[in-house]
Structure formats: C-alpha cells, structure tokens
Amino acid sequence: MNSSVQPLLALDGVHTHIGPYHILHGVDLAVAKGGITMLLGRNGAGKTTTLRTVMGLWHASAGTIRFDGNDISEFATPDVARLDIAYVPENMGIFSDLTVRENLFLAARKGPLDAARLDWIFGFMPALKTFWLQRAGLLSGGQKQMLSIARAMVEPRRLLLVDEPSKGLAPAIIQNLIVAFGALRDEGVTILLVEQNFNFASKLGDTVAVMDNGRVVHAGTMAALVADPELQARLLGLSLDSHQ
Amino acid sequence: MSMSAAIAPAKVEDLPAAPRDWLPILLVPILILLALPLVGSFPTWATLTIAGLAMGLIIFLVASGLTLVFGLMDVMNFGHGIFVALGAFVGVTTISMLGGWTASSSFALNLAAIGCAGLAAAVVAGTVGIAFERVMVRPVYGLHLKQILVTMGGMIVAEQVILALWGPEARPMMRPASLQGSFIFGDVAIEKFRLLAVCLGLAIFAAMFLLLNRTKLGLLIRAGVQDREMVEALGYRVRFLFIGVFAAGSALAGLGGTMFGLYQELVTTAIGAQMMVLIFIVIIIGGLGSVGGCFVGALLVGLASNYIGFVAPKVNLFSSILLMVLILLWRPQGLFPVAKR
Amino acid sequence: MLNNMLSRDLPRSKLLAAILLIIIVGLLATPFVFPGARSLNVGAKIAVFIVLAASYDLMLGYTGIVSFAHTMFFGIGAYGIGIASTQMGPTWTAVAAGTLAALILSTVLALGISLFSLRVRAIFFAMITLAVAAAFMTMASQFSDWTGGEDGLNFKVPELISPAFSLSDEKFLGANLDGKLIAYYMVVLISGGLFLLMLRIVNSPFGRVLMAIRDNDFRSEAIGYRNVTYRSLSSVLAAVFATLAGVLYALWLRYNGPGTTLSFDIMIDVLLIVVIGGMGTLYGAVVGSTLFNIAQGYLQDLLKLAQGNIDSLPVIGALFHPDRWLFWLGLLFVLSVYFFPFGIVGKLRAGALAKTRRSA
C-alpha cells in the first residue's frame, strides 16, 4: 500500500458496541483508492460489524471513520450512501415483494435506469434479464446475490462494501462474481470485500486485511499473503481447509 | 468453506410461476355467499352486505395507516384512535358550520359539505399526527414497552383535550339532506350514505394501491416495510418517509372518523377507543404491515359484524374475535404475512 | 420478623418507609379517625386497588408485558361473587363457590390468551388483550339475565359482613361496631396478606427469572419456549390476584356493574397507578393507589379552586375543569414514562441512595 497517497476509506481506532456487547476493539484500517481489498478473518472477528459501522447502521462509540479525508463517523446511513458508497449486506437485503426491475429502479437514486449500463450488467448476470419482471423473492440464492450486487452497480459508485458474496454459492456462480467484481475494478471502483473463502479472496484481492477479536491484526498485499503459507496458517487457520 | 450447502443456479424452467395468493381474497365473497342462507331473506341480506362493506371500508381508512406505520418503523401506536375521535369532532363542527349546504337539496352542495368536513378532519388529524409523532413516538423508538405506554398516555391526554374543546356530550351528526334515506331497488333498500361510503372507500383504496405499486414513493414504502436498513443503505431517508406515512395515516384516520360519525349519525369521545379494538383485530387478521391484508381483514370484519349483528346480536363483538382466532389458527402471521428480510 | 414478612424486599428509603407506614396506619385507623361512609369507602377502595395494581405490576414491571385485559379478571372476580350471591343467596358457600368459579375462569382465560399471543410477539399480547377485554365487556352487558347488564347487580352478602349485623349498639370511638366494620377490616387485612404474598413471589427464584427474562429480551422478538412459559405463568398469577381483588371489591360494595370493575376507564386508572407509583417496585402500587384514590376525590377540589381563577381563558380554563383531572394525571403518566421510569418509588429510592453515598 502506498502510504503517501491518502486512502479512500480510513478507520482509526474504531470501537463499536451493540447493546451490552463490545464488538470492535479499535479497528485501524486503510483502504486505498482503486483495487479490491479483502477483509478476512474467522467468524465473529468483527468483519460484518466493521462494514455496518462504516455504513452508519451501527455507530462507533469511539474512533473516527474518514472517507476521502472527511470524517463520516457521525453520519446517518442515508448520508453515507449519498457519498456514493454502496453496500451489499450478508443477507443480500433483497426487497422480495418487489420485482427485479423495481429493486434496481430503487437502487438508481439519481435518475432513471440507464439502458446501456443495464446491458453491461446483464452481460455478467443474464438471469436478471430473464426474470426482469418477476418478484425478487422467487429468485434462487445465487440470483438474489447477483441482484444485490447489480443494485450496487446500476450507477457508478466510488466505494463498494460487500459482505461475503460467495457464501452458499456454487463454484460456477462464484466465477461469475469474480468476473463482475473485476469489471467494476476496471471501472475504477474501490471495493472492500468481506470474505471467509480464501480461495475466492486470493483470486480477486489486491490488498488484504485480516481481523481477529475486533481488531485488524494484519494488513498487506494479497500476493505476499498467498506466497507465505506460514503466515496464512497463522492468520487464517481454518480457512486453509477449504483451500482447493 | 464447505460447498455442500451450495445452491445450484436455477434455469428458467426452475422458476415457479408467480404464486398469487388468492385464497384470502376469496374469503370475502365466500363470507358474503355463506351469509345468504344464514340471514334468510334476500333484501335483508343485500342491505346488510352494503352496510358491512361500508363499515369495512371505513375501518380500512382508519387501519391502513396504522399497519403501514408498524411495518415501516416497528411502531405500534396505541393512540391511533385519537385521530378518529378528532376527525369525527372536526367533521361535526365543519358540517354544522356548513348548515346551508347540508340543508340544501342539491346533491353537489351536500357532497361538497361532506368533502369539506372530511378534508378539514384529515388536515387537522394529519397535523396533530405530525406533532404526536414528534412528541410521543420519536423518543421511544425501538422500546416496545414504553411505546405502548406513551402512546396510550398520549391518547388519555388528547382525549381530555377533545373533551375540553367539544364538551362531554355526544353530538348528533346529521347526514346532508340528499344523503338521508335509502335507494329502493325492488325489495332491497340501500342507504344512500352507505353507498357513498363504499364508493369513497374503494376510491381511496384504489388510489393507495396505485401509489404503492406504481410510484417510486410507494415502492420505497413497500421496500421499507420489508427491510428498512437496506432502503437507508441505498441512500433514502426513511425517517422522512415515516413521518409522511404517519401524517397520512393520521389524516386518513381523521377522514375515517368523519365518515364513521356520519355512519353512526352520532359522535362521542369514545369513538376512538371503540374503533381501536376493531382496528387491531383487522390489522392482526391482515398481517401486521400489510395494506392488502388490512383491506381484506376490514371487509371481513365489517361484513361479519353486520351479519352476526343481525343473526345473533348478543355475540357481535365476540364474532370479530372469533374471526381473528380462526384466521390466526389458519395463518398464524395473518392473511398476508409481510416478508421481513 | 418484619424483614421476613417483606421477603427481604425493604422500602430502601426512609421517606418511602415513612409513607408506607402512614398508609398502613391510616388504612387501619380510618374507621375510628375518619368515621363516615365516604372515608371507609375510600379506604377499602385503596386496599383493593393496591392488590389490583400490584398484580398488574407483576406483569408490567416484573415481566415486561403490557396487558389491557387486567380489569377483565378484576370483573370476573366481582361478577363471580355477584352472580353466585344472587343465584345461591347470601351465604359463605356462595362466596366460596363464586370465588372458585371466578378463579377457574380467569386461569383458563389468562392461560389461553397467553399461549395464543405471547408466542408471536410481545406487542401482539397487548393488542389481543385489548380486543378480548372489549369483547368480554360487551358480553357481560349482553347477558343481562345473569349480570344485570348495564345496571349491574345489587346483592346481599353473608350476614357477618352485611351492614345489618351489629356487634354492639354502643359506638366505639365514634364508629359503629357493625358488619360494615368487619367487612372493612376483612378487605384491608386480606389485601395486606395478598400484597405480602406477591412480594414473596417477586422475591422468589421465580420472580428473579421473570426479571432476567424482562432484562435480557433486548429488542429480540424471537421469544424462546422457556420465556413463553414463564411469561404465561406470570400473566396467570396476575389474573388470579386481580380476580381475588375483584372478589373483595364486590363483597365490600355489595354491588357490581361494568363501570365498577370491567370498564376500560378502570384499566387506565390501574395503568396510571402502576406507572406513576413505580413499575417493578410493588410498593409503587401502594403509593400509587393511595395517591390516586385520594386525588380522585381531592384533585378535583383543587382544580375547582384553580378554575375559579382562570375560567376566563377558553381552552386552558376548560382543562382546569374538575372533570378534566385525568388530563393532568395523563400528562404526569407520560412524563413518568419518559423521565422517571420507576415512578415515585424509584425517585425516592434514588434519593436515598444518593444520600447514603454522600454520607459514606
């Protein structure tokens, strides 16, 4: 990571409490402009909480969150989103009573859906075109995940926060996701991706941060982590088991 | 991670055809048909059916806002009935001020009088609704116990204010001249006002249906009912949406109050508490948060209470409870459960 | 011994202890210090409402569920006595039969409502109890052959506690030594006993579980099986105590009607008493009931005074009308929920705690 350039997103000593539980214990994280940063770590390490805290869905009890140099720690969720930060939650957040079209229509906050951009999206996710006027609740899990990511793509965004997109998906679909995220990166979007699947993460990530017990315990390039099995074993333990 | 739980990509033919849930909607005609042999005489049955539809649609006006507010923000306003009472009293006052219009035999002037009364009731109730939301509801978001207590307390206080403004006596509420009496079709007598109530209720339901299905605002409300956080994460301020829905819901309750006053031809402060019971039954039957369910539930309750009120008047209110229990045994989350995430 | 009687749940505030003592002594001394039918009525009503409000607090304060059907159980108890006495005559057998029947009906109803609605969502329970209570009230006024409809029932009670019974023709300290006096002490002493019993319940392991569930619910609507069981038990217990309060009230008044025990107005009164007195502190029911029942008589007098001065202002003047006293109590209620969630008792205890800390 080039430290002379200001990071797009920077968390500095962020603590988050959820009710009586203290989840984040001072997260320091810098996400550079452009490229894909992978946020790894075992279950309960605080990855999801980190994304939700950035989105303002939970409020940091201490520390600062900066986006493009501006402090957004106190921002309400809609105001965070209006900075062109898109969020794909773990549960996908699909509006299941609405059609695929209506889901995307609501995601296009600034205006009507752009036909050319839709065609570009349909290139990665043809199912969305097929089921354009169907209720989103009827889609399969993988299709819902596609729709959720497509919502984050309908308008150009600056930062994408994606929570475990590969969870429960078949390998063929994961391949599609890799292509789609790659296309977004080429468009210049910065992506912060929470992942447990190291195989998937290692194919896509440029940089990586590893969390444990509510802190970031390692940050560096993905290439360095891939090249160092010992470090992997120490940091990720269980994740190696699914390395295929 | 394990791939055994992976979901295979669906092909086109795998996708089930959109299952429209017709069964609950069918309950309404089924109930109407079942009632015919029970009531015995066709003219009486027709009169009761129209009365039931009118009452059901008035209940729908009042209940729809409450169910949406609950769906959107998980707020149950136990003081909703106060907007009904307020609307009824504002309606009484407006109508009595427009004595010339109501006494006139011109249908247009009569209708204008009711329109003005309904509008005044809606505006006053909507405005008070915004204040109520700010003072009573906002400080206790997410705290269900306090929410119930505070909104109930708000109702006690507001009821006393209404008593102070309008006095404790029940007010007769005269229907305008050309809306008194009934149309006679052969043996069947149908009260003119009930017909008007049915038309108005259907018109508002249609407008609400279009708003919720055809406009961005409506889509946002529906999306918000399912997943408020995600709507915010897309950059929309659900708070404003909620205040709007709360105000609109209060305004509709006010309008419903005026209509219910005209329906009963009598207005008392108890009108709010009295209706609250029916409203709760209706939105529980419909499925908390569902406008469509609320519509069907309101019709069922309105019809059942008119039929049973005729066949066995002693168990009238009990019949609504029985209806609710039966429906919850069939569908524990109500007729149209709202898919939450 | 006192410690044991109060189940080690002491007032924990000198001022509160003093107030409670005054209330107890006052209730016991009323027949001799303030002779007259009116003060006896107020005293008996305070005693009965202490039981009624405390049993409501069992649910609201200790279990964290809101019911609007509490006066239904109060009414069932009162109607049990009323109907049994009119049908079977003024005997203790009738009292026993009426009480038993009422208790059975209340238990079945409370259990039914709880199992039906607590399973789903806590807010459901509040909505459904409201509907059930309303339906029950209509039923009570419809089946007038039994209940006397809107007019209610006047009935005779066993001779020992009826006004006609006389212990002595002499007056003692200005009080008639008659059945009414016996009835008064019966009501007050049984109420006291029931209150101590509830105090024992909330301080038992069962009570601790209830509070643990209340505190741990933490916005979760997914109520587990165990929680439903405990909450249902708590609502049944509350219903049983409310029924007994209704029994006492009917025996005292020798009358029962929808407006006396069943109506939603009484439900509101109980809500006000518990919240203003202090949720989750049974003593709040004592302080609240006393305050409320005295205020019902005297706040109105006070408002009459105030009204004389500001009658000229249109709306404000109307709000100071003695009949609008609920406006002020309602306001106090809302403010209590916002600012003193543990009511008067909570405030007194916090004051006492601060004092000990300062002096320590």
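This is a predicted model: local features need pLDDT of at least 70, side-chain atom pairs count only at pLDDT 80 or more; totals for chains, interfaces and linings use all residues.
## Chain B: charge and overall form

Chain B carries 19 positive and 13 negative side chains, and the centres of these two sets lie 4 Å apart.

In secondary structure, chain B has 13 helices and four strands. The C-alpha trace of chain B spans about 75 × 50 × 35 Å along its principal axes, and its radius of gyration of 21 Å agrees with the value near 20 Å that a compact globule of 341 residues would have. When contacts in chain B between residues at least 6 apart in sequence are considered, 77% of them join residues at least 24 apart.

## The open sheet of chain A

Chain A contains an open sheet of four strands, arranged in the order β2-β1-β4-β5 and paired in the antiparallel sense. At its edges are β2 (21-31) and β5 (70-71) of chain A, each of which pairs on one side only. Strands of a sheet pair through backbone hydrogen bonds, either parallel or antiparallel.

Within this sheet, strand β1 (residues 9-18) of chain A runs antiparallel to strand β4 (residues 60-67) of chain A, and six bridges join the two. One position that can be picked out on the structure is H15(A), whose bridge partner in β4(A) is A62(A).

T190(A) is found in strand β8 (residues 190-194) of chain A. Because its relative accessible area is 1%, below the 20% cut-off, T190(A) counts as buried. Not counting residues up to four places away in sequence, T190(A) touches L8(A), a run of residues comprising V31(A), A32(A), K33(A), G34(A) and G35(A), and also R158(A), L159(A) and L160(A).

## Helix α3 of chain A and its cover

Helix α3 (residues 100-107) of chain A is largely enclosed by the rest of the structure, because six of its eight residues are buried. The buried residues in α3(A) are V100(A), E102(A), N103(A), L104(A), L106(A) and A107(A).

Which helices contribute to the cover over these buried residues of α3(A)? The cover includes α4 (115-124), α5 (126-130) and α6 (141-151) of chain A, together with α7 (192-214) and α8 (216-226) of chain B.

## A loop proline in chain C

In chain C, P35(C) has its place in the loop between α2 (14-33) and α3 (37-63). With a relative accessible area of 43%, P35(C) is partly exposed, and, leaving aside its neighbours within four places in sequence, P35(C) is in contact with T30(C) and G174(C). The C-alpha atoms of P35(C) and Y184(C), which are 149 residues apart along the chain, are separated by 12 Å.

Conventions. Residues are numbered from 1 along each chain as its sequence is written. Chains are lettered from A and ligands numbered from 1 in the order in which they are written. Side-chain values use heavy atoms; hydrogens and water are left out. The radius of gyration is taken over C-alpha atoms; the globule rule is 2.2 Å times the number of residues to the power 0.38. Contact means heavy atoms within 4.5 Å. Lys and Arg count as positive and Asp and Glu as negative; His and the chain ends are not counted. The place of a charge is taken as NZ of Lys, CZ of Arg, CG of Asp or CD of Glu. Buried means under 20% relative accessible area, exposed over 50%, partly exposed in between (1.4 Å probe, protein chains only). Two strands pair if DSSP finds at least two bridges between them.
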